[in-house]
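Please consult the sequence and structure below alongside the text.

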Amino acid sequence: MSRFGAKKGRKLPGAEFTWDNDPNGEPDTAPTPLYPKYTVPQARPLGEREQKQVDLYRALREQFHDGPYYSVLDPGLSGRRSKAARQHFDPFHGMPSYSGKYQKKKRAIPKLSGRPYVMKFFPRDDLWEAIQPNFKAGAAVDGFVARMVRPPLKRGFEDDDEEEDEDGKRRKTGDDDDEGGENDDLLEPDDEQGEEEIMDDDFEDDDDEMGGDYNAEQYFDGGDDEYGDDGFGDGGGGGDEDTY
Amino acid sequence: MTSQYAGELCTLLIEDNFGELFARIFSILNRYDRLSFSRLKFYSRLSNAQLRHGLAAMIQQHLVYHYTSYDDGITYYEPNMQSAYYLIRSGKILEFIEHRLGKYAATVMSTIMFLGHAQVGYLETLPALKPSKSDVNSTSEECEGVQEAEENQGDEVHQETEEDEKTENRPNGLNSDYAPAEQPALLHPTLKALAGHGYILRVRDAQFQSYADNTLDAERTIKSRPDIKALKGKKLEEAVAEGTLELLKERLDGDLTRGLMFNGVPRGAKRRHTNGAHGAPNKKARIDYAAVDEDEGGDGEEENEWSDDEFGEDTIPMESGITVRINYEKLDVALRNRRFLELAERDSSPVTAEVYECLLRRIEYQTAKCRDNTEIPREGEEGEHYSVPVPLRAVVEDVDLLLDLAGSVGPMEVSQPINRRGKRPLEENANGAVHESNGAQSDGNRTYEVDQHLCLLAQPPYSLTSKRMASGLITWTVEFRHLARKLRHLELERVIEARYGDVALRVVRVLHDKGKLDEKRLQEISLLPFKDLRQVLASMQTGGFVDLQEVPRDALRQPSKTIFLWFYDPDRVCNSVLEDTYKAMSRCLQRLRFERNRLKEFLEKTERSDVKGNEERYLSEAELTLLEQWRAKEALLLGEVARLDEMVAVMRDY
């Protein structure tokens, strides 16, 4: 590879600035190893204070997990399932079993009731309905101005009080559930009840919110659950295929 | 804080703490930044109910900002990266609070964290905060400060409440201090102590909007004022800017410390100090002098004397209408001070460190946040910024009376212990006999000694303190910006040394000290052979720690006629290391998630409501060891994340 301006016996311009080989050594033309040797750094074991911090973090996280807000996207409830979920059904572990009643229940929607909220901290149009089920959006629509101006403070307070009262009542009635949820091991029957109620809660909300929605899948699924898809796909689903 | 990895990290943290629904909403918001409800629904493909409830809960946890626009009345949502990030610091904060104010305070703190924000009235009703008898008794000794305060206050509380006709269904028996019904009695002083230290603050409306929205809002308000409208041109701009800042401060301000401070010290904090001499030997230094402790009899009397008059007004419970939340900024200050203290502990005697702690604590009470501007200023553009000066007398007051001050400083003739490393062991031997008689020291002597310790800390290289004379009084301050920068540099140097070895460290230090250097000069100064130097520089350049600048000597830019200058830019390196750290943290969390998935079946079993709590009964031997291993593994990963978080704090927050 002869270079245009390169003179014999002299180094290329800029050669003194290459750093990968020293001036008087042989150039190393061997390919670099694909996986160079690498000493994996080992983490120090945790100190006493660090251990404590981690434990506290875990405790708080645990609290969050047991709290009303922890929610997953696919709670895996046995009730209504989408078609996709049914196709991926795991026949070995998916069947409800007796010990399933001890299994930690997962929420699909954070539970908002059960504690007071300061309403003025939340956006009125979108979320007040969610936090306070009997809040009527109609009240906000009455005037053009009401929408433009932020909810006046006084109003916020009034609502606040009302809502607190209600919450207080609800808390009193719902107390048993909450207690049950906390002392799972002590009161098992109670606990079960509480969990059922939680599930109910979710569905109710679902119905309320999506009441107007037309669920096309549900339309044909009406009786399918009983007959079809239980391994006798051909026989059960026959009804569908007949129409061909 | 808006980088890819930071966003990823925050999403992972939220998922770890709150589950997938929150994480989905947050990641969508993080990707698109500012969305109205309908757009958010469209992108996230969640149902109305999921989204509504999710958003409401996230606002409650301060994970989402919202802003209702004036023009179209539409509410927009934005992710709140900062508070999402602080989820990782919760363990650190709780540990700190427990160390400082006792276990019960930490419980209160974690409850507030759990609730996002909460009204004091609601906190009163929570069963978790009703101290069971065992809980109170098993609290750490530090807590006794608060607890004892209770006992002392007890009588006064009763009198006051009887007058005020408060409905706290208090039994009339004056001595039933720890009956369960007395619960607010412990809650309120604790809340007050937290508020006095500034660890919690009042929630304001404006805190739910992002800073940019607030600024625009404030600007609009200012501009519509008639007196501003009259102005024109530059004056207008100035007035608007000034007014905006003022209004912002007013709106965002949730300071609860007002009225809870007493001579620059939160009420209840002081007691802890004097108590510390009594029964909290949390520092090793104190154990040595335990014998002296017991000899001191006058301590108890002294305590009662001032506790009566100082806690007189402190018995009013917190207003139950106040909504409180965690003040992360202030906690950053406290954690930063702890960091400085560690720095001091590293190369000075424990006694000196203790004196320093007293000074730092005094300063902490009056420092609201780590710095005034939101971004860390560039290297060299940062002005000096001294903390509030603390008079020497105040420090002397705070320092434990029984602390042996003389033992670790040189003899009195030498005014400045210059060569302290050589001298200290010698002194300790020589002063061995003096230890016993230390209890009764003259006051002036003590002041002088404390001053000596602080002088010691003022020495380079760290210059942890600096001395000021204010109208004839000696005051001590801490130059925070300088020290924060120092911390940053130390952190970077640590990284470089770990990655490229000590030769690289030397090169970087030379470059940092001298600026841009030609290779030849660099070699002369660093006294390294060419070969080593080049290798190290090359590998560091690939890592992005140093870089090369070309300065051509003629217009043709021939390499032979070009000067190549090496340089090291701490700002740049800092930023890239910060990014790497975010990435490392999020990888750790991802690994954790993966590991959890691997053991999913087993972990679900351990979380079953019947198994949880009595694992020994239901799990087999092998399962127990597996659980043990899993916990250790998780702790290690989380601990690693916490360590990385410490780096982030140094680079970003301090």
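In this predicted model, chain A has a mean pLDDT of 62. Of the residues of chain A, 40% reach 70 or more. Confidence in chain A is highest in helix α1 (residues 48–66), at a mean of 93, and lowest in helix α5 (residues 144–148), at 39.

- The pLDDT is below 50 over residues 140–211 of chain A. Beyond near neighbours in sequence, the model gives this stretch 61 contacts.
- Residues 223–244 of chain A also have a pLDDT that stays under 50. For residues 223–244, the model has eight contacts beyond four places in sequence.

**Contact between chains A and B**

- In the model, 60 residues of chain B are in contact with 56 residues of chain A.
- On the side of chain A that touches chain B, at least two residues each come from α1, α3 (124–131), α5 and α7 (188–210) of chain A.
- Helix α1 of chain A provides the largest share of that side, with 12 residues.
- By class, the side of chain A that touches chain B comprises 30 nonpolar, 19 charged and seven polar residues.

**Annotated domain in chain B**

- An unreviewed UniProt entry lists residues 492–567 of chain B as "domain: DNA-directed RNA polymerase III subunit RPC3 winged-helix".
- Over residues 492–567, chain B is 59% helix and 18% strand.
- The end C-alpha atoms of residues 492–567 of chain B are 15 Å apart.

Terms used. Residues are numbered from 1 along each chain as its sequence is written. Chains are lettered from A and ligands numbered from 1 in the order in which they are written. This is a predicted model: local features need pLDDT of at least 70, side-chain atom pairs count only at pLDDT 80 or more; totals for chains, interfaces and linings use all residues. pLDDT is the predictor's confidence in each residue, from 0 to 100. Helices (H or I, at least four residues) and strands (E, at least two) are DSSP runs, numbered from the N terminus. Two residues are in contact if their C-beta atoms, placed from the backbone, lie within 7 Å. UniProt positions are given in the numbering used here, feature names are shortened, and annotations may be inferred rather than shown by experiment. Ala, Val, Leu, Ile, Met, Phe, Trp, Tyr, Cys and Pro count as nonpolar, Asp, Glu, Lys and Arg as charged, and the others, Gly among them, as polar.
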